[in-house]
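Dear colleague,

I am handing over a structure that I would like you to read through slowly, with the sequence beside it. My notes on what was found follow below it.

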Amino acid sequence: MKEQNRRSFLKAGATLSASVIAGSAMGAVSNEKKSEKNDSLNMKTSDRTLGTGQHSLRINHGMGLGCMGMSWHRTYIPDRKPMIELIRKAYDMNVNFFDTAEAYGPWRNEELVGEAIQPFRKKIILCSKFGFNIQDGKLSGLNSKPAHIKEVVEQSLKRLKTDYIDLLYQHRIDPTVPIEEVAGTVKDLIKEGKVLHFGLSEADPVNIRKAHAVHPLTALQTEYSLITRDPEEAILNTCEELGIGFVPYSPISRALLTGYINPLTKYVADNDNRDTLPRYTPEAVTANWPLLETIAAFGNQRGFTAAQVSLAWLLAQKPWIVPIPGTTKQAHLQENLWAAGFEFSKEDLKSFTEQIAAIKITGARN
Ligand SMILES: NC(=O)c1ccc[n+]([C@@H]2O[C@H](COP(=O)([O-])OP(=O)(O)OC[C@H]3O[C@@H](n4cnc5c(N)ncnc54)[C@H](OP(=O)(O)O)[C@@H]3O)[C@@H](O)[C@H]2O)c1
């Protein structure tokens with residue numbers, strides 16, 4: 001690292017640590033208020049709706065739990081038992097929106113989630129995804145052929161130990177299969193009662209419109225965060241026009257927006273996609289440090305961590321946005337849910353967003 005960059009990184013690191021400690025201290029000062037807030041989180045004040053009419057889903061806290069990292073792609077794979085306990089704890093904390101996919105593991109994550117949700121299966125919204133070929137335990141290309149979708153759903157239902165999936169997404173658009181055929185297949189599965197609602201992931205406006213015309217979409221799941229603002233305008237406008245909810249995945253950019261990642265962070269290459277993504281190189285992490293400094297400084301003055309500011313900012317964009325941060329830790333789960341209790345003032349939202357927009361981002365998202 002060049003000396004100048006290194007110095008600015010160390011200074012930023014010091015500021016950030018101070019901010020997180022200050023965030024906790026402020027949290028302690030207002031502990032009574034927080035516990036009121038905690039209760040209020042259970043009072044459904046922050047609930048949100050994805051989708052429209054009979055195709056809608058009501059999400060407690062306006063936030064779900066991304067379960068992928070409990071088995072896949074986040075370097076360290078924790079033991080099963082504490083992850084099952086974490087999912088059950090989330091339910092106790094009134095989380096009702098759980099996200100998994102056939103691809104995560106592959107398969108392992110659906111098996112984990114399926115076991116964890118058994119005691120309360122019918123009381124939650126269970127989301128999964130299809131769309132890949134899997135060979136020798138590895139993803140090997142896209143596959144949304146109708147017969148394959150039907151087969152994958154049968155297998156997912158077994159792994160999830162259930163007879164229906166509340167929200168089934170196509171994981172990625174398969175250019176070899178017209179989206180109308182995909183939507184028609186999911187529509188059949190809905191008629192059979194094996195699936196309740198339909199979603200897409202990382203789809204463009206043309207495919208969103210075509211799919212929605214065959215069967216109304218409840219949600220589009222796509223990467224969106226303070227560092228990945230690609231869906232703004234075309235995608236979000238399409239969702240708004242059609243009454244489709246939006247679910248930002250990697251909403252804290254795979255921990256990048258929390259301050260936990262620095263240029264020396266190491267990833268286990270065969271279980272972490274961050275090792276291949278340009279934004280996680282030491283150079284990009286250093287270059288993008290001003291973004292983190294800005295987020296942390298904003299949170300510092302208000303008693304919120306960088307992760308909370310990042311989630312609250314997403315929630316402030318549209319009332320039909322429902323992020324699904326992933327975590328393997330109860331404390332992070334609680335911290336993230338508390339973000340739903342923070343509301344940006346109009347002025348703060350404008351000035352903070354302007355500050356963020358002025359920062360040049362280094363490194364493509366994929
Ligand atoms: N549709 C798609 O193509 C797609 C792609 C990727 C992900 N997803 C879904 O989106 C979910 C979330 O995405 P993601 O896991 O990629 O990224 P993310 O939610 O942005 O970040 C997760 C990472 O942040 C850390 N973290 C969470 N809360 C934290 C906090 N308060 N403070 C510090 N660190 C915190 C987690 O580590 P700890 O375990 O230490 O908390 C984990 O390493 C996934 O679980 C999956 O369900 C969908």
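**What the model shows**

The protein chain has a mean pLDDT of 90, and 88% of its residues reach 70 or more, where pLDDT is the predictor's confidence in each residue, from 0 to 100. This is a predicted model, in which local features need pLDDT of at least 70 and side-chain atom pairs count only at pLDDT 80 or more, while totals for chains, interfaces and linings use all residues. Residues are numbered from 1 along each chain as its sequence is written.

One stretch asks for care: over residues 1–44 the pLDDT stays under 50, and the model has 47 contacts beyond four places in sequence for these residues. Two residues are in contact if their C-beta atoms, placed from the backbone, lie within 7 Å. Where pLDDT is low, the predicted coordinates should not be read in detail.

**The chain as a whole**

There are 13 helices and 11 strands in the protein chain; helices (H or I, at least four residues) and strands (E, at least two) are DSSP runs, numbered from the N terminus. Of its 366 residues, 45% count as buried. A residue is called buried if 20 or more other C-beta atoms lie within 10 Å of its own, exposed if 12 or fewer, and partly exposed in between, with C-beta atoms placed from the backbone. Among contacts with a separation of 6 or more in the protein chain, 77% are between residues 24 or more positions apart.

**The sheet**

Seven strands form an open sheet with parallel pairing, in the order β3-β4-β5-β8-β9-β10-β11. Because β3 (65–66) and β11 (245–249) stand at the edges with a single partner strand each, one side of each is left without a neighbour in the sheet. Two strands pair if DSSP finds at least two bridges between them.

Going through the pairs in sheet order, strand β5 (residues 125–130) pairs with β8 in the parallel sense over four bridges, and Ser128 has Leu168 in β8 as its bridge partner. Strand β8 is in turn joined to β9 by five bridges, the two running parallel, with Leu167 opposite His197 in β9. Four bridges pair β9 with β10, again in the parallel sense, and here Gly199 stands opposite Ala219 in β10. Lastly, strand β10 (residues 217–223) runs parallel to β11 and is joined to it by five bridges, where Leu220 stands opposite Phe246 in β11. Helix α6 (residues 179–191) packs on the sheet and touches β8 (165–170) and β9 (195–201), its direction making about 160° with that of β9; axes are lines fitted to C-alpha atoms, for helices over the stretch in contact, and angles run from 0 to 180 degrees between N-to-C directions.

How much of β8 and β10 is covered? Five of the six residues of β8 are buried, so β8 is largely enclosed by the rest of the structure, and β10 is mostly covered, with six of its seven residues buried.

Val247 is found in strand β11 and counts as buried because it has 28 C-beta neighbours inside 10 Å. Leaving aside neighbours within four places in sequence, Val247 is in contact with Leu50, Ala219, Gln221, Val322 and Ile324.

Ile149 lies in helix α5 (residues 146–159) and is also buried, with 24 other C-beta atoms within 10 Å. Beyond four places in sequence, the contacts of Ile149 are Phe130, Ser144, Val182 and Thr185.

Is Met93 buried or partly exposed? Met93, in the loop between α3 (80–92) and β4 (97–99), is partly exposed, because 17 other C-beta atoms lie within 10 Å. Met93 and His61 are 32 residues apart in sequence, yet 9.6 Å apart in space, C-alpha to C-alpha.

**Around the ligand**

There are 29 residues around the ligand, and Gly66, Met68, Gly326, Thr327 and Thr328 come nearest; a residue is near a molecule or strand if its C-beta atom, placed from the backbone, lies within 6 Å of it. Helix α12 (residues 330–338) gives the largest share of this shell, three residues. The shell divides into 10 nonpolar, 13 polar and six charged residues, where Ala, Val, Leu, Ile, Met, Phe, Trp, Tyr, Cys and Pro count as nonpolar, Asp, Glu, Lys and Arg as charged, and the others, Gly among them, as polar.

With kind regards
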